[in-house]
Amino acid sequence: MTQFNDSQLTAAVIDSFAETPNPRAKFLLQELVKSLHEYVRKTDLTFEEWGYAIDFLTRTGQKCTDIRQEFILLSDVLGVSMLVDAVNHRERDGATETTVLGPFYVGEHRKTAHGTDISADLQGERMFVQSRVTDLHGKPLAGVPVDVWHADDDGFYDSQKPSYATEGPSSRARFITDDDGRFFFRTILPCSYPIPTDGPVGEMILQTRRHPMRPAHVHFLVNAPGYEPLITHVFIDGDKYLDSDVVFGVKDSLVHKLERRAAGGKAGGRIVDRPYAVMTYDFVLAPSSKD
Ligand SMILES: [Fe+2]
């Protein structure tokens, strides 16, 4: 048969993947065809709309570079990233909750000494961050790499600024936990920020009258051998966008109330000469489900 009605067409495309050697790939492709065909059928998609979608996805790909990931952003604003997170983390058993990686992770960060001010070049309210990484039973995990990154006081990541190419990373570093599972550093308080609106994803957000804002947060990626990788943020309590994060990434357990300290206090063994905020947030890792 070479001519199909629309339901025969769907069955034929599903069947065309029947010999896929990898059973999981076969299942994913066949389910994708089912869902895509159902969408076209349900919406009576026009040629013009189909063409727009092709152009939109093309522009999304064209906007990607080594340090910009427009497709992750698309996944984030459509809630797909958080849905993948949800279906993969149904049982946390007391481990720290996870959230989106986001589009501004640029790969492995530069190893940095504890106590370093990772935003020394930036204006903003100063913040001291202290943390400990443990297993589910409170045992400290030593020698674990922890990548941190966050936006500046104007709401931009270092990789969004021209200075990234010449001056390198800022508000971005890797710490290795000490024997007691601890790490600490200095930085500035990040502020809430809009996702990039100069690409197709931002264009969609603005045209659909959604706001592009994310509540202020610091990203953490903790990767210990034998444990589930932890990709998360710590959100700053009081931010006005906590209830309407454009990427749906907020979880209550990740919202942290900062401690405010007066000038003259000691943080990480040094006197701080101006008022500052302290973020104290510990991370609990679940054992890896893989052998
Ligand atoms: Fe972020």
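**Disulfides, the iron site and exposure calls**

Q: How many disulfides does the search find, and what makes a cysteine pair count as one?
A: Searching the whole structure gives 0 disulfides. To count, two cysteine sulfur atoms must lie within 2.5 Å of each other. In general, a disulfide is a covalent bond joining the sulfur atoms of two cysteines. This is a predicted model, where local features need pLDDT of at least 70 and side-chain atom pairs count only at pLDDT 80 or more, while totals for chains, interfaces and linings use all residues. Residues are numbered from 1 along each chain as its sequence is written, and side-chain values use heavy atoms, with hydrogens and water left out.

Q: Are C64 and C191 buried or exposed, or in between?
A: Buried means under 20% relative accessible area, exposed means over 50%, and partly exposed is in between (1.4 Å probe, protein chains only). C64 has 24% and C191 has 21%, so both are partly exposed.

Q: What makes an atom a donor of the iron ion, and which atoms are donors here?
A: A donor is an N, O or S atom within 2.8 Å of the metal (3.2 Å for Na, K and Ca); water is not among the atoms, so sites may look incomplete. Y157 (OH), Y193 (OH), H217 (NE2) and H219 (NE2) lie 1.9 to 2.1 Å from the iron ion. Y193 in strand β5 (residues 193–194) and H219 in strand β7 (residues 217–222) are 26 residues apart and link distant parts of the chain. A strand is a DSSP run (E) of at least two residues, a helix one (H or I) of at least four, numbered from the N terminus. Y193 and H219 are both buried.

Q: What stands out about phi in D44 and S171, and is each buried or exposed?
A: Most residues other than glycine have a negative phi. D44 has a positive phi near 50 degrees, and S171 has one of about 55 degrees. D44, in the loop between α2 and α3 (47–62), is exposed because its relative accessible area is 63%. S171, in the loop between α6 (163–167) and β3 (172–176), is buried because its value is 3%.
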